[in-house]
Amino acid sequence: MQVGDGVCLCTLRGRLRLEDIRVMVGDRVKVTVEGEQGVVEEILPRQSELIRPAIANIDQVVVVFAAAKPKPSLILLDRILVQAELARLDALLVINKSDLALEEAKRLQEMYGSIPYRTVIVSAKEGWGLDEVRQELTGKMSTLAGPSGVGKSSLLNALLPELELEVQSVSRKVQRGRHTTRTVTLLPLPDGGFVADTPGFSVLNLGGDMEAELQYAFPEMDRYRDSCQFRGCLHRREPNCAVKEAVEKKEILAHRYEHYLLLLQEAAPSY
Ligand SMILES: Nc1nc2c(ncn2[C@@H]2O[C@H](COP(=O)(O)OP(=O)(O)O)[C@@H](O)[C@H]2O)c(=O)[nH]1
Ligand SMILES: [Mg+2]
Ligand SMILES: [Zn+2]
């Protein structure tokens, strides 16, 4: 456990163990220090609880995509952003490999910045944009998400040079099948805050019966929703729908609306 500026080896008070209460990575706890050792007396209420990676009290998901190699999949990006919204976590979009495709990086930044999401253009390879990412991480608990190969490990290595995470090598065959199950660790940032060393904010298919909730995961719809004619409008085929009108006027990005409709189908109750 981190206690003040130091670290203290702690055991769990027997009472908590009897109640089968477990400490999660990221938990805030009350500790009594007895000599060198500490005892966890109480686990403070969790603000959030992620399953994969299993971390409590995460503030934000840092969604990493590459401007190229691999070509960004916007449906995958939107799925991750929706998951973050549904989990009530802030999202920061980091567009990596801008050294390979700066124009594409700027296009993504313009699109997602308009929603609005915080976006940062970086190159882990060239060291571009790292200070801005550090600022966005400082004082918060963050976890990374994003497809494989976009440079998540490279980014963490660039932010924390003493780290040396394994970066995907050219020969991927060697890596396949080597499933290293590791526990997640929170890496302390120099100016405060933590970032989880294991990316893996999972992208699940939406569970059924979430139709009404889904629109709240699209922040750009917020200011139109109340102007729809029907209460409970799902912005699908309803007449006088302010969201659809905003799409036609290009005030809402067409691909975001299409992805909303796609996810809406997934979110339909299954009979
Ligand atoms: N050109 C370029 N290549 C990068 C950059 N960041 C990472 N890479 C390369 O992309 C590949 C995948 O990186 P890795 O960090 O393992 O991605 P991860 O799967 O998201 O953790 C490696 O070959 C890296 O060297 C970058 O900013 N620019
Ligand atoms: Mg990696
Ligand atoms: Zn509507």
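Which elements do the buried residues of α3 pack against? They pack against α2 (74-86), β9 (90-96), β10 (118-121) and α10 (254-266), where contact means heavy atoms within 4.5 Å.

Before going on, the ground rules. This is a predicted model, in which local features need pLDDT of at least 70 and side-chain atom pairs count only at pLDDT 80 or more, while totals for chains, interfaces and linings use all residues. Residues are numbered from 1 along each chain as its sequence is written, chains are lettered from A and ligands numbered from 1 in the order in which they are written, and side-chain values use heavy atoms, with hydrogens and water left out.

Back to α3. Helices (H or I, at least four residues) and strands (E, at least two) are DSSP runs, numbered from the N terminus. Helix α3 covers residues 102-113, 12 residues in total, and spans 16 Å from first to last C-alpha, close to the expected 16 Å; the expected span is 1.5 Å times one less than the number of residues. Its buried residues are Ala105, Leu108, Met111 and Tyr112. Buried means under 20% relative accessible area, exposed over 50%, with a 1.4 Å probe and protein chains only. Viewed down the axis of α3, the buried residues fall within an arc of 130°, so they line one face of the helix. That arc is taken over the directions from the helix axis to the C-beta atoms. On the face turned away from the buried side are the exposed residues Glu103 and Glu110.

Next, the zinc ion, ligand 3. Its protein donors are Cys228 (SG), Cys233 (SG), His235 (ND1) and Cys241 (SG), at 2.1 to 2.4 Å. Donors are N, O and S atoms within 2.8 Å of the metal (3.2 Å for Na, K and Ca); water is not among the atoms, so sites may look incomplete. Along the chain the donors follow the spacing C-x4-C-x1-H-x5-C. His235 is buried at 0% relative accessibility, and Cys241 is buried at 3%.

Last, the aromatics. Phe218, Tyr257 and Tyr260 form one aromatic cluster. Rings of Phe, Tyr and Trp (its six-membered ring) pair if their centres lie within 6.5 Å; planes under 30 degrees apart count as stacked, over 60 as edge-to-face and the rest as tilted. Phe218 and Tyr260 are edge-to-face, at 5.4 Å centre to centre and 80° between the planes. The rings of Tyr257 and Tyr260 are 6.3 Å apart at 25°, so that pair is stacked.
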